[in-house]
Amino acid sequence: MESYIQNLFAERIGGKKFGKEDVIYKFEKIKRAKQEAMKRHPDMELIDMGVGEPDEMADPEVIRVLCEEAKKWENRGYADNGIQELKDAVPPYMEKVYGVKDIDPVNEVIHSMGSKPALAYITSAFINPGDVTLMTVPGYPVTATHTKWYGGEVYNLPLLEENDFLPDLESIPEDIKKRAKILYLNYPNNPTGAQATKKFYKEVVDFAFENEVIVVQDAAYGALVYDGKPLSFLSVKDAKEVGVEIHSFSKAFNMTGWRLAFLVGNELIIKAFATVKDNFDSGQFIPIQKAGIYCLQHPEITERVRQKYERRLRKMVKILNEVGFKARMPGGTFYLYVKSPRRANGIEFETAEDFSQHLIKEKLISTVPWDDAGHYLRLAACFVAKDENGNPTTEEKYEDMVLEEFKRRLEDLDLEFE
C-alpha cells in the first residue's frame, strides 16, 4: 500500500511523481559508470578529472586557527548573520587582491554558509511568479532551480566559443528583458574557464540600469586566474549600484567542506539577503569565520594554490593537444573545456556524454560532459596524486606520474572531430 505522503510532495520537487521518475541525471550516470569501471578493472587506478573540488586540505595555519578558536567558550554559539570581524576583513582583501575600494563592511558585506545557499537565498529575495532570471549555460544550476521553484522563468544565455564564452546580452528579446529581475554571471567561468573583461562588465552595468535587473556575479574562482590580475565585477564604475559579487573560500583557500563565503556589493541586495538568510540558517560556526579572517589576511595562500593549478593545467593542455584535442589554457578556474570528438577508433558519439561514458568505462578516466551549448568535456586539474604509501600529495613528481598515465591511456584513441 502506497503511503499517503506520496501525495503531499510539493510540485517543485516532482509532486506525486517524486521518487518515481526513472530519469538518471548526468552526475549519477558518471558515478555509476565509475563504479562499474572500477569493478571491471580492479587493478587499474581511476584518474578522476571530473571532480570539482580541491585535492588539498586547507593551509595548516588556517586549520590551527580553527582549532584554537573552537576551544573558546565565547565562540560556541549562533553566529546569525555573521561576526563583524569577518566583515571588517573583506574591504582590505578586496582592495589588495582586486583593487576594489570604498566597501562599507557594515552594510555592504555579509557572510554565507558557502556560495551555493547564497544563490538560493538571493533568488528567494527577488523572484515572484512570472519573473525571469537570465542564466548563462552551461553552468551552475542553483539559481535556475530556485527561480523555477518560486514560479519564475529561466532564460538561458548560451556561452559560445566564438563569443569567448561571454553571453550575448543584445540577443535577449524585449519581452524577456521587461520581466527579468536577475542576471546571473560566473567568471572565471565553470565549466568553460573563460575570464570576463572590463569591457564586458561595463556592458553588464549598462544593461542592468537600462533593464532594471540586479547582477549576481559568482566569483567562486575569482583569484584563480592565469592571464593578468584577478578582475572583480565591482571594480567597474557603478557596478555596486546594480549588483553583488559572491566570493567563496572553497576554491581559493581549499576550504570546500568548511562552507564559507561572503557577498559584497549593493547595500539593498545585502539587506534583502540578510533578511532571507535570517529565516534559513543561524550562521556559520564562528571558529570557521575566524579561520576565514586569517585567509583574507593571507592571500598568498591562494597564490600558492593558483601556481599549482597553472602548472598542472599547462601540462594537461600539452598532453591533450598531443593526442588530438584542441586545448588551450583557461583564463581562470582549474578546468579545461575541450570539444568532444565525434568518433574515437571508429566508434561514433552523438554527445559529449556518450564519449565521457566511453572514457570512464574503457580508459578509467572521469570527465564531466556538457551538451548545453555544443559538445564539450570539462577536465579538472584538482585530480588526486598519491605517494608510494597511497597518501594524497602535491609533490610534482607524483602528479607527473598521474599525467603520464593519463597520456598513455589517451594515445590510442584515434580521435576525429567535426
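1. Charge count. Lys and Arg count as positive and Asp and Glu as negative, while His and the chain ends are not counted. The place of a charge is NZ of Lys, CZ of Arg, CG of Asp or CD of Glu. On that basis the protein chain carries 56 positive and 69 negative side chains, and the centres of the two sets lie 2 Å apart.

2. Basis. This is a predicted model, in which local features need pLDDT of at least 70, side-chain atom pairs count only at pLDDT 80 or more, and totals for chains, interfaces and linings use all residues. Residues are numbered from 1 along each chain as its sequence is written, and side-chain values use heavy atoms, with hydrogens and water left out.

3. Overall fold. The protein chain has 13 helices and 17 strands. Its radius of gyration is 22 Å, close to the 22 Å that the globule rule gives for 418 residues, so the chain is as compact as a globular protein of that length. The radius is taken over C-alpha atoms, and the rule is 2.2 Å times the number of residues to the power 0.38. Helices (H or I, at least four residues) and strands (E, at least two) are DSSP runs, numbered from the N terminus. The C-alpha atoms fill a box of roughly 60 × 60 × 50 Å along the principal axes.

4. Of the 418 residues, 53% count as buried. Buried means under 20% relative accessible area, exposed over 50%, and partly exposed in between (1.4 Å probe, protein chains only). Contact means heavy atoms within 4.5 Å. Among contacts between residues at least 6 apart in sequence, 72% join residues at least 24 apart.

5. UniProt, in an unreviewed entry, lists residues 46–369 as "domain: Aminotransferase class I/classII large". Positions follow the numbering used here, feature names are shortened, and annotations may be inferred rather than shown by experiment. Over residues 46–369 the chain is 40% helix and 16% strand. The end C-alpha atoms of that stretch are 17 Å apart.

6. Buried helix residues. Thr147 sits in helix α5 (residues 142–149) and is buried at 0% relative accessible area. Beyond its neighbours within four places in sequence, Thr147 contacts Thr123, Ile127, Thr133, Gly152, Glu153 and Val154. Ala208, in helix α7 (residues 198–211), is buried at 2%. With residues up to four places away left out, Ala208 touches Val213, Val215 and Val242.

7. Gln357 belongs to helix α12 (residues 352–363) and is buried at 16%. Glu396 lies in helix α13 (residues 396–410) and is partly exposed at 37%. With neighbours within four places set aside, Glu396 contacts Arg311 and Lys315. The C-alpha atoms of Glu396 and Arg311 are 9.0 Å apart, across 85 residues of chain.

8. Backbone points to check. Most residues other than glycine have a negative phi, and most peptide bonds are trans. Val137 and Pro138 are joined by a cis peptide bond, omega about 0°. Pro138 is in the loop between β3 (132–137) and α5. The bond from Tyr187 to Pro188 is also cis, omega near -5°. Asp164 is not a glycine, yet has a positive phi of about 55°; Asp164 is exposed at 51%. Leu364 has a positive phi of about 50° and is buried at 0%.
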